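Hi,

Here is the structure I said I would pass on. Have a look at it first, and my notes on what turned up are just below.

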Amino acid sequence: MKEITNNFGFIGFFGAPNAGKSTLMNACIGEKIAAVSKKAQTTRNQIRGIITTGSTQLVFVDTPGLHKGRKLPAINSRMMQEAWRSLEGLDLACYLIDTGVGISTHESLFLKQLCERANCPVLILLTKTDKYKNKLVDEKTKEVSDFLRDLAPHLSTRVTSLGFSQPLQCSAKAKDMVKNLIRIVCSAIPQGEWQYDVDAMTDVSTQFLVSEFIREQIFRQLGDELPYGSGVMIDRFEEKEVTHIDATIYVPREGHKRIMVGKQGKTIKAIGSEARKSVENLLQNKVMLRLFVSVEKKWTEHPGAIHQIQGI
Ligand SMILES: Nc1nc2c(ncn2[C@@H]2O[C@H](COP(=O)(O)OP(=O)(O)O)[C@@H](O)[C@H]2O)c(=O)[nH]1
Ligand SMILES: [Mg+2]
């Protein structure tokens, strides 16, 4: 029998919207794959980011934020299903808690649920520590530790077997903290054959990443008037000397179109030019990006349209 000399593992990032999951995944793999914004629910799909170093291949799984609410459109429950589905086959689940937020009532319910459903160790991360004073970080560390101490007796040792009693303080902006997290992750994964090429960065298509970078700019460029139900589809992707990309932004209501285009097209221009920079960086090529806006009435309510536009 062939001896396995490689290490391989799936590591999931879970937590409330805005906890910093996508930012931390990007920091762990050292590349920008996942869209990031200040607004909740930027992430809608499970996205894998892959790094291979030495004999180890790590696959980080970014997930939509765990959230609840009454009267949310169907897309939100699809996002939640997508998050829970990400738990399957993991070697380690990381639950991220924003240090400034701590454990809210919702948070405690989701964390308990995650621990009950997980079939692997759960590591709690207290994130964005660079943003807060040491005193608050220490206070929150104690608060989370107390919570975990009360929770631990009710959980299986599979879940509590790795650093469960204490949260790990972490900032995506501090290289040493990201390195430390990767060291811990490496100690938690088993020996196994790699499932991806040595230079693979993600499992999603380039087209999907482009649509996410456009959606990221929609979330970033628009203020409170942001139509949360915006979706992006790539209509043309031609790689020549210059990469030509046409994409349509779908909004659920007529009024949203005006917001997306902005006064004299200012908003759509800003979305396009910022997204183009991210795409050029990804493709390492010059890009011609054309954006169109179309109304697809209440698409976030219809499973078929959600699948077609968002792929979930
Ligand atoms: N200062 C600081 N900000 C962060 C950190 N991680 C995430 N953020 C910010 O928090 C917001 C939400 O981040 P994001 O990764 O999209 O959160 P997600 O919804 O959990 O994926 C963004 O504005 C990020 O720039 C961090 O370690 N430090
Ligand atoms: Mg995210």
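In this predicted model, there is an open sheet of 3 strands, running in the order β7-β8-β9 with mixed pairing. The strands at the edges are β7 (231-239) and β9 (287-295), and each of these pairs on one side only. If you ignore direction, neighbouring strands in the sheet are turned by 15° against each other on average.

The pairing of β7 with β8 (residues 243-251) is antiparallel and covers 8 bridges. If you want a spot to start from, find E239: its bridge partner is T243, in β8.

Now for what sits on the sheet. Helix α9 packs there and touches β7, β8 and β9, and the direction of α9 makes about 135° with that of β9.

Helix α9 (residues 266-283) also packs with helix α7 (residues 206-221). How do you describe a pair like that? With two packed helices, you give the angle between their axes and the distance between the axes. For α7 and α9 the angle is about 145°, and the axes are 9 Å apart. The crossing of α7 past α9 is right-handed.

Which residues meet there? On the α7 side they include L209, V210, F213 and I214, and on the α9 side A270, I271, A275 and V279 are among them. E216 in α7 and E274 in α9 belong to the contact too. Taken together, the residues of this contact divide into 11 nonpolar, 4 polar and 2 charged.

Cheers

Definitions and conventions. Residues numbered from 1 in each chain as written. Chains lettered and ligands numbered in written order. Predicted model: local features only at pLDDT ≥ 70, side-chain atom pairs only at ≥ 80, totals over all residues. Heavy atoms only, no water. Axes fitted to C-alpha atoms, helices over the stretch in contact; angles between N-to-C directions. Helix = DSSP H or I, 4+ residues; strand = E, 2+ residues; numbered from the N terminus. Left-handed = near helix turned anticlockwise from the far one by under 90°. Contact = heavy atoms within 4.5 Å. Nonpolar A, V, L, I, M, F, W, Y, C, P; charged D, E, K, R; others polar. Pairing = 2+ DSSP bridges.
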